[in-house]
Amino acid sequence: MKEMIKNNLQTAHKPSASNTLTNVAAEEPATTANPKPLVGDSKKVHDVVIIGAGPAALTTSIYLTREDIETLLLEKAIIGGMSAITDWIDNYPGFPDGISGLELADKLRQQAERFGAIINVGEVVGVEKVKQHIKVKTTDNQFLAKSVLIASGSDYKKIGITGEKQYYARGVHYCATCDGAFYRGKKLVVVGGGNSAVQEALFLTRFAEHIDLLVRSTIKASDVLAKELAKHPKITTHLGITPQEIVGDSQKVQKVVATDSNGKKRDFITDGVFVFVGLKPNTMFLKDSAIELDSVGFVKTNHNMQTSVGGIFAAGDVRSGATMQIASAVGEGATVALRIRKYLES
Amino acid sequence: MAKDITIYTTNTCAYCHMVKKWLDSKGVGYSEVNIDEKPERAQEAVAASGQMAVPVTVITQQDGEQQVVVGYNLAKLAPAIA
């Protein structure tokens, strides 16, 4: 284990183009001189396998690997999780001017890899206890571990209305930082009234000519964001509005049909719709497992952050009772690392 | 091996960053069109993919055949660059 850590540290200090967020100059060939990434070993028993690589997972891996506890992270999508696709983070301590989500995610990754965390791409499809070990199956591999942390986070919910699926990525979007650039000088609708909806609506004003923010009840975002929203000249907020249908000409979105609090029909003409109506847990891969979930699908844990299956823990947005804050996820990541260490020692 | 790979990206797109990082890890070269810096080329990505989303990776094979992958989709990217 120590030898692996040492090797990882040596690798982690090598300059690497992938260690920077700076974009490769447009249309210039990218460097290919990066070191070969470290990979998990399907033949050995890992000390800890972490499902996910968001703030909770990366924090846990920092704490564990600094204790020479060998840790493999399996991430199906983005290192940094939801934080990486958030435009700007103003409430994470230590950054007085705020920090971009992408940059924070990359700093967390660098810190984890510096101490020897191994981050692999892999979509987990099942978790089960096999005698004293835990088997984690991915779409193309399987790993054994002494302990497992479920930190698979959450994802944006769909509204569930007609047209939403049909126009996905052709006018209906869930990632402003990814797709906002296609709406320069256009009209947009943003759906939602929480922190994410308001933050991303403000981000989209750098592209869109005008934004209608449709809020089912009232604004639930923080006061700071709510004040910024209220004074923004490009955003019109509509309270008590419930979207009913997204209508287009089969090629692109034309309007959102909604109802107001009196049940009266309202049309909002738009070129695109961005949806931020809450989060759903990434726990589909646990549906056939022995791990107990709550009624919404979040993972239940005890006071030690352990699930209903011994040796399997949960932290971050995926945990039942989570507050869906990056700072909380980081705190949970540190706490669960200490619980896992104690479990491994017992 | 592909003859040419072009990725359409934006500055703030985390999925774009992941596609580039993954190609870097495979030692595969590519060209990047950043549509924040060249908004006039955004329509190329839309025309190639039929979607208003990035990343769009256009892989041109040696025989000229093109494959277009939208998003950070390793199930499609991996065989396309093999």
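At what angle do helix α2 of chain A and helix α4 of chain A pack, and how far apart are their axes? Before the answer, a word on the model: it is predicted, so local features need pLDDT of at least 70, side-chain atom pairs count only at pLDDT 80 or more, and totals for chains, interfaces and linings use all residues. Residues are numbered from 1 along each chain as its sequence is written, while chains are lettered from A and ligands numbered from 1 in the order in which they are written.

Helix α2 (residues 55–65) and helix α4 (residues 101–114), both of chain A, pack at about 25 degrees with axes 8 Å apart. Because of that angle, α2(A) is roughly parallel to α4(A) (angles under 35 degrees count as such). Axes here are lines fitted to C-alpha atoms, for helices over the stretch in contact, and angles run from 0 to 180 degrees between N-to-C directions. Helices are DSSP runs of H or I with at least four residues, and strands are runs of E with at least two.

On the α2(A) side, P55(A), L58(A), S61(A) and I62(A) meet L108(A), R109(A), Q111(A) and A112(A) of α4(A); contact requires C-beta atoms, placed from the backbone, within 7 Å.

Elsewhere in chain A, strands β12 (residues 210–215) and β13 (residues 235–239) pair in the parallel sense over 5 bridges, where pairing needs at least two DSSP bridges. I211(A) has I235(A) in β13(A) as its bridge partner.

Now to chain B: 34 of its residues are in contact with 30 residues of chain A. On the side of chain B that touches chain A, α1(B) gives the most, with 8 residues.

Note on methods:
Parallel < 35°, antiparallel > 145°, perpendicular 65-115°, else oblique. Contact = placed C-beta atoms within 7 Å.
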